Amino acid sequence: MNIFTLAGDMTHLMSILVLLLKIHTIKSCAGISLKTQELYALMFVTRYLDVYTNFYSIYNTIMKVIFLGSSFTIVWYIRQHSVVRRSYDKDQDTFRHYFLMIPCLLLALLINDKFTFTEVMWTFSIYLEAVAILPQLVLLQRTSNIDNLTGQYVFLLGAYRALYILNWIYRYYTEAHFVHWITWIAGLIQTLLYADFFYYYFTSWKNNKRLQLPL
């Protein structure tokens with residue numbers, strides 16, 4: 001654990017809290033991609049298969065349970081809540097996320113550190129997280145008005161990954177034999193996907209204008 005890991009985890013947690021705040025208080029999921037949320041739920045399940053079998057620390061276990069519980073809570077709100085689900089724009093959220101899941105699974109079967117079920121599923125979750133934001137970014141491009149909470153949610157998700165890259169750089173120079181190419185490359189790809197969003201997010205903030213992404 002270092003300052004970058006903690007900052008990354010807290011930023012990730014803040015992104016989820018912002019999204020839950022939007023959904024629970026405003027009773028709206030407008031601008032939120034169900035496809036992305038389902039991919040995140042699957043990602044957490046396959047990454048944390050060891051949550052009930054291996055104990056690393058109280059902090060680690062608590063964070064796993066929070067991420068698992070919150071991801072399924074968000075999906076439930078969008079799919080089942082009597083009020084929230086009415087604001088879901090399924091006509092715009094049309095990204096075929098299955099086309100992301102299958103290549104990620106095939107890649108995990110081919111490129112992994114160890115060919116075991118849990119390791120392949122963990123690797124699959126790494127690949128899936130790298131591209132899970134794509135349906136959300138596509139939906140934002142199709143949405144003319146992006147509300148502040150949705151913009152902050154996506155920004156915090158990108159910031160969390162950027163902080164984890166700083167964590168990897170720090171650990172590379174302070175820990176012997178710290179090399180994780182799969183995580184590094186997937187994390188870099190994930191961060192690059194946010195680059196365009198970051199540019200327009202900071203531009204809108206600087207000019208005090210509503211966030212809009214070009215088509």
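Predicted model: local features only at pLDDT ≥ 70, side-chain atom pairs only at ≥ 80, totals over all residues.
Leaving out its neighbours within four places in sequence, Phe 197 is in contact with Leu 137, Leu 140, Gly 151, Val 154, Phe 155, Leu 211 and Leu 213.

**Inside**

Phe 197 belongs to the largest nonpolar core, a set of 53 residues, and it is one of those with the most contacts there, along with Tyr 40 and Tyr 153. Which helix gives this core its largest share? That would be helix 5, residues 117-131, with 8 residues. There's also a second, separate core, made up of 6 residues, and its members include Tyr 160, Trp 168, Phe 178 and Trp 184.

Set aside residues up to four places away in sequence, and Ile 26 touches Leu 21 and Leu 149. Then there's Val 84: along the chain it is 58 residues from Ile 26, yet the C-alpha atoms of the two are separated by 8.6 Å.

**A nonpolar patch outside**

On the surface, Ile 102, Leu 105, Leu 106, Leu 107, Leu 109, Leu 110, Ile 111 and Phe 115 form a nonpolar patch, and together they have about 790 Å² of accessible area. Take Leu 110 from that group: its place is in helix 4, which spans residues 98-110. Is Leu 110 buried or exposed? Its relative accessible area is 72%, and the cut-off for exposed is over 50%, so Leu 110 counts as exposed.

**Two positive phi values**

Most residues other than glycine have a negative phi. Against that background, a couple of residues are worth a click. His 177 has a positive phi, near 60°, and isn't a glycine. You'll find His 177 in the loop between helix 7 (148-174) and helix 8 (181-193). Asn 208 also has a positive phi without being a glycine, this time about 55°, and its spot is the segment after helix 9 (195-206).

| Residue | Relative accessible area | State |
|---|---|---|
| Leu 110 | 72% | exposed |
| His 177 | 79% | exposed |
| Asn 208 | 71% | exposed |

So what does His 177 count as at 79% relative accessibility? Exposed, because 79% lies over the 50% cut-off. Asn 208 is exposed too, because its 71% is likewise over 50%.

Note on methods
Residues numbered from 1 in each chain as written. Heavy atoms only, no water. Patch = residues over 30% accessible without salt bridge, like charges linked within 9 Å, V, L, I, M, F, W, Y side chains within 5 Å. Areas by Shrake-Rupley, 256 points an atom, 1.4 Å probe, with all protein chains shown as cover. Salt bridge = Lys/Arg side-chain N within 4 Å of Asp/Glu carboxyl O. Helix = DSSP H or I, 4+ residues; strand = E, 2+ residues; numbered from the N terminus. Buried < 20%, exposed > 50% of the residue type's maximum accessible area, 1.4 Å probe, protein only. Contact = heavy atoms within 4.5 Å. Core = buried A, V, L, I, M, F, W, Y, C linked by side-chain atoms within 4.5 Å.
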